[in-house]
Amino acid sequence: HYESLLADIKTVSSPSTATDDLNAIAASFFNQSLGVVSTRSVLNTFINTLRELKNQDLWIEVGTRTLGLLSSGPGQASSFADASATIRELVATAHETNEDFADAAKTLAEIPLDSSQRKVSDHDRAQIWIRIVRNFLEVEDSTAAEMYVNKLKNIMHTVSNPDLMLHFKLSQARIQDAKRDFLSAAQRYHEISFSPAIAEEERLHTLSMAI
């Protein structure tokens with residue numbers, strides 16, 4: 001019933017009613033005591049439907065409300081840890097699109113990455129932490145950004161993704177720059193300017209930052 005209703009949401013809801021309709025559906029299936037397995041299945045369909053609507057304000061309003069429902073019952077937060085993480089990433093993406101970078105960083109920071117209920121690889125952990133760092137740097141909060149860079153230092157040796165490594169090094173350089181540690185920052189920017197993973201224009205930019 002819920003899955004067919006969600007499949008029809010684009011036709012039965014208008015942009016002005018979608019928020020209330022989706023909030024009502026979420027409240028309903030959490031009140032139905034469907035059991036963890038069934039609720040998890042409906043919740044996954046609900047999240048996919050929300051994502052497909054491609055409306056940032058809807059993601060924030062419905063996502064935030066759904067997170068409240070997920071944390072309201074005893075044991076629910078741990079039972080639906082993966083869904084909570086997915087919703088937080090969706091809400092954070094919406095904040096990034098709206099250029100509300102501090103809100104995006106705070107939303108991502110609420111994703112449990114060291115929980116016993118949810119196993120997270122170093123790659124996935126690094127991906128989230130680097131997003132947090134970049135969002136904090138967008139609002140020039142180098143102190144908060146550095147806290148997450150220090151977490152990253154403990155796991156980057158296990159991460160083989162060249163893009164993540166590049167963003168990690170860039171973040172380090174930007175933080176050193178903000179702290180007026182110019183020699184270390186210049187060395188980092190210079191090192192990055194040799195990377196074949198970035199376009200020539202970007203290499204020239206990082207070289208100019210080094211200078």
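Predicted model: local features only at pLDDT ≥ 70, side-chain atom pairs only at ≥ 80, totals over all residues.

Visitor: Is T107 buried or exposed?
Guide: The cut-off for buried is under 20% relative accessible area. T107 has 11%. T107 therefore counts as buried.

Visitor: Which residues does T107 touch, leaving out those up to four places away in sequence?
Guide: Contact here means heavy atoms within 4.5 Å. Helix α7 covers residues 81-97, and its buried residues include R88, V91, A92 and H95. Those are the partners of T107: R88, V91, A92 and H95.

Visitor: What does helix α7 reach from its first C-alpha to its last?
Guide: Helix α7 has 17 residues. At 1.5 Å a residue, 24 Å is expected. The model comes close to that, with a reach of 24 Å.

Visitor: Which residue with a positive phi follows α7?
Guide: The helix itself ends at residue 97. The residue in question has a phi near 65°. It is E99.

Visitor: Is K54 buried or exposed?
Guide: K54 lies in the loop between α4 (36-52) and α5 (56-70). K54 is not a glycine, yet its phi is positive, about 50°. Its relative accessibility is 64%, and exposed means over 50%. So K54 counts as exposed.

Visitor: What is the relative accessible area of E140?
Guide: E140 is in the loop between α9 (122-138) and α10 (142-153). E140 also has a positive phi, about 60°, without being a glycine. E140 is exposed, and its relative accessible area is 72%.

Visitor: How many helices does the protein have?
Guide: From the N terminus on, the elements run α-α-α-α-α-α-α-α-α-α-α-α-α. There are zero strands. The helix count is 13.

Visitor: What share of the contacts between residues at least 6 apart in sequence joins residues at least 24 apart?
Guide: The C-alpha atoms fill a box of roughly 60 × 35 × 30 Å along the principal axes. Of the 211 residues, 41% are buried. For the contacts you ask about, the share is 52%.

Visitor: How far apart do the centres of the positive and negative side chains lie?
Guide: The protein exposes about 11,600 Å², with carbon and sulfur atoms supplying 49%. It carries 20 positive and 28 negative side chains. The centres of the two sets are separated by 6 Å.

Terms used: Residues numbered from 1 in each chain as written. Heavy atoms only, no water. Buried < 20%, exposed > 50% of the residue type's maximum accessible area, 1.4 Å probe, protein only. Helix = DSSP H or I, 4+ residues; strand = E, 2+ residues; numbered from the N terminus. Areas by Shrake-Rupley, 256 points an atom, 1.4 Å probe, with all protein chains shown as cover. Lys, Arg positive; Asp, Glu negative; His and termini not counted. Charge placed at Lys NZ, Arg CZ, Asp CG, Glu CD. Expected span 1.5 Å × (residues − 1).
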